[in-house]
Amino acid sequence: MSRPRTPANRRPAAPRRVAKAPPAQPRLLVMNKPFDVLTQFNDEQGRVTLKEFVDVPGVYPAGRLDRDSEGLLLLTNHGRLQARIADPKHKLPKTYWVQVEGEPSDVQLQQLRDGVTLNDGPTLPAEARRLDEPELWERNPPVRFRKSVPTAWLELVIREGRNRQVRRMTAAVGLPTLRLVRVAIGPWRLDGLQPGQWREIPAQLP
């Protein structure tokens, strides 16, 4: 018997993608990213990257943390875990300690809790509260202050991952960010790590 001919206008089916097998040894690192360090391992411009601090092959950042921000960064070699942490659709809470210029009012805090409108649309409601000045490492270089303007600390919890979102949110309510430190992502916390330090923990999905 002759085989039925494929119509000339029908394209052959694309090969199915095969899911990448998980690594034989899933790894998860908790790191305290210092100020002025890029959240990547290579940079053509010669800026400081994670390569200066992490010598574990095959791990990659799960999400990003801006160069001028500090604190908790998670790295893993496990694709599903990386997606679970980094993809905003999972809405993992991210907790930041934010030093702002000015004295936050109840109205400004409520604006953050309700969600603020940025140039890329309104944010989801955030958790926002005043914070006593936390015991943190000295930033290098130090934050530049204006002696005539008071500063304050806030704790902000967001469940999105827009570019420079926390800085844009505080600026939108009249409280420019001076220093930004991420202290938690979901169940993971810094727990005493100093800038540049990291530790390995069990690679488990939250």
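This is a predicted model: local features need pLDDT of at least 70, side-chain atom pairs count only at pLDDT 80 or more; totals for chains, interfaces and linings use all residues.
Residues are numbered from 1 along each chain as its sequence is written, and side-chain values use heavy atoms, with hydrogens and water left out.

Let me begin with the whole chain. The protein chain holds 3 helices and 11 strands, where helices (H or I, at least four residues) and strands (E, at least two) are DSSP runs numbered from the N terminus. If you follow the sequence, the pattern reads β-β-β-α-β-α-β-β-β-β-α-β-β-β. Of the 206 residues, 42% are buried, and by buried I mean under 20% relative accessible area, with exposed meaning over 50% and partly exposed in between, using a 1.4 Å probe and protein chains only. Among the contacts with a separation of 6 or more, 73% are between residues 24 or more positions apart, a contact being heavy atoms within 4.5 Å. The accessible surface comes to about 12900 Å², and carbon and sulfur atoms account for 48% of that; these areas come from the Shrake-Rupley method with a 1.4 Å probe, and for residues only the protein chains shown count as cover.

Now to strand E9, residues 177-185. Why can we call this strand largely enclosed by the rest of the structure? Because 9 of the 9 residues of E9 are buried. As for its partners, two strands pair if DSSP finds at least two bridges between them. Strand E4, residues 94-101, runs antiparallel to E9 and is joined to it by 7 bridges, with Tyr 96 standing opposite Arg 182. Strand E3, residues 70-76, pairs with E9 in the parallel sense over 2 bridges, and here Glu 70 faces Val 181. Strand E10, residues 188-189, is antiparallel to E9, again over 2 bridges, and Ala 184 has Arg 189 as its bridge partner. The hairpin of E9 and E10 has 2 residues between the strands, and in it Gly 186 takes a positive phi near 55°.

Next comes helix H3, residues 165-172, in which Gln 165, Val 166, Arg 167, Met 169 and Thr 170 are buried. The cover over these buried residues includes E4, helix H2, strand E5, strand E8 and E9. Leaving out residues up to four places away in sequence, Thr 170 touches Val 98, Val 100, Leu 112, Leu 156, Leu 175, Pro 176 and Thr 177. Thr 170 and Val 98 are 72 residues apart in sequence, while their C-alpha atoms lie 9.0 Å apart in space. The side chain of Thr 170 also reaches the backbone oxygen of Arg 167 at 3.2 Å. After the helix comes Gly 174, with a positive phi near 85°.

Between E1 and E2 we find Asp 43, which counts as buried at 19% relative accessibility, and whose side chain reaches the backbone nitrogen of Arg 47 at 2.9 Å. In the loop between E1 and E2 there is also Asp 36, a residue other than glycine with a positive phi near 70°, and partly exposed at 34%. Arg 164, in the loop between E8 and H3, likewise has a positive phi, of about 50°, although it is not a glycine. Lastly, a cis peptide bond joins Asn 140 and Pro 141, with omega about 0°, and Pro 141 sits in the loop between E7 and E8.

Definitions and conventions:
A polar contact is a pair of N or O atoms within 3.5 Å; within protein, one must be able to donate a hydrogen and the other to accept it, and residues adjacent in sequence count only if both atoms are side-chain atoms.
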